[in-house]
Amino acid sequence: MKREKGLSLNILYRFFIYAALLILAVSIIVPVGWVFLASIKENSEFYGNPWTMPKGVYFQNFIDAFEKARMGDYFLNSIMVTALALIMLLLVALPAAYVLARYHFRGSKLINIMFMGGLFINVNYIVVPIFLMFVDADKFLKNLGGSGFFLNNLFVVALVYAATALPFTIYLLSGFFVSIPKDYEEAAFMDGSGYFRTMVQIMMPMATPSIITVILFNFLSFWNEYIISMTLLTKDEKTLPVGLMQLMQAQKAAANYGQLYAGLVIVMLPTLILYILLQKKLTQGMSLGGLKG
């Protein structure tokens with residue numbers, strides 16, 4: 001009897017878990033699918049039943065979004081900022097995580113504590129001080145006879161992205177580097193390999209799953225980031241999320257909904273494609289970096 005009762009409770013528990021997961025999946029898939037369908041509707045179709053299927057494929061919404069709303073320019077800006085931020089982040093985080101995970105030296109514990117403390121700092125809370133600091137820096141440069149550098153500069157935005165993502169990235173990579181046996185390094189040193197060569201040619205290739213996870217997580221974060229780019233880019237140079245918000249404000253007044261949803265698809269599509277392609281690598285990297293660390 002106890003065994004049968006335990007089996008029935010287990011089946012009931014699984015049923016509730018699967019039902020909850022199904023509801024969650026539907027609540028995500030339905031809005032995303034609706035946005036994709038709405039992006040290919042003509043504007044007149046939005047005044048009837050919003051759940052009707054589109055009468056045809058109206059690609060003019062995407063053309064208008066790219067040309068009239070400058071989503072193409074914002075798209076290129078986002079690609080540039082995201083790529084620069086990822087490159088700078090990996091150039092700093094990979095060696096830092098490796099050294100902090102594999103070697104102990106004076107001050108290493110303090111550095112680790114400072115990076116771990118950075119995990120609890122919300123970037124949105126410090127964006128105003130960053131902005132004011134850049135304003136003062138530009139004033140100083142202009143007083144010297146130069147021009148402003150720190151505001152309305154895509155490279156500076158990418159630098160801020162990379163700097164704010166360092167704590168989480170180092171935390172995740174360190175968790176994986178700690179789990180690697182020291183035998184690999186000792187064998188490399190016996191073969192005459194130096195510290196840098198061992199790190200680049202032996203340790204980093206072994207950390208590929210965690211590196212892919214870091215790239216994916218930070219790509220999603222940088223691509224969809226809004227507060228920093230809106231604050232530091234005050235002129236025409238804007239990233240895609242800021243451009244999308246401006247498009248939403250403009251099209252709500254103009255009641256041009258097709259162009260608005262086309263802009264939403266332009267923002268969502270790269271992240272969806274990347275996640276679908278790297279989903280297995282993402283879960284593998286999270287388990288390696290989290291459970292073993």
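The model is predicted, so local features need pLDDT of at least 70 and side-chain atom pairs count only at pLDDT 80 or more, while totals for chains, interfaces and linings use all residues. Residues are numbered from 1 along each chain as its sequence is written, and side-chain values use heavy atoms, with hydrogens and water left out.

Helix H1 spans residues 2-38 and contains Tyr-13; helices here are DSSP runs of H or I with at least four residues, numbered from the N terminus. Tyr-13 is exposed, at a relative accessible area of 53%. Exposed means over 50%, buried under 20%, and partly exposed in between, with a 1.4 Å probe and protein chains only. Together with Ile-17, Tyr-18, Leu-21, Leu-24, Ile-28 and Ile-29, Tyr-13 makes a nonpolar surface patch of about 770 Å². Such a patch joins nonpolar side chains (Val, Leu, Ile, Met, Phe, Trp, Tyr) within 5 Å, from residues with over 30% relative accessible area and no salt bridge; like charges are joined within 9 Å. The areas come from the Shrake-Rupley method with a 1.4 Å probe, and for residues only the protein chains shown count as cover.

Lys-142 belongs to helix H5 (residues 123-143) and is exposed, with 52% relative accessible area. Leaving aside neighbours within four places in sequence, Lys-142 is in contact (heavy atoms within 4.5 Å) with Ser-147 and Gly-148.

The loop between H5 and helix H6 (154-179) holds Asn-152. Most residues other than glycine have a negative phi. Asn-152 is not a glycine, yet has a positive phi of about 60°. Its relative accessibility of 24% makes Asn-152 partly exposed.

Helix H3 (residues 71-102) packs against helix H8 (residues 195-206) at about 90°, with the axes 12 Å apart. The two are therefore roughly perpendicular, a class that covers 65 to 115 degrees; under 35 is roughly parallel, over 145 roughly antiparallel, and the rest oblique. Axes are lines fitted to C-alpha atoms, for helices over the stretch in contact, and angles run from 0 to 180 degrees between N-to-C directions. H3 contributes Leu-94, Pro-95, Tyr-98 and Arg-102 to the contact, and H8 contributes Thr-198, Met-199, Met-203 and Met-204.

The count of salt bridges (a side-chain nitrogen of Lys or Arg within 4 Å of a carboxyl oxygen of Asp or Glu) comes to one. Arg-70 and Asp-73 form a salt bridge, at 3.2 Å from N to O. Arg-70 is partly exposed at 30%, and Asp-73 is partly exposed at 37%.
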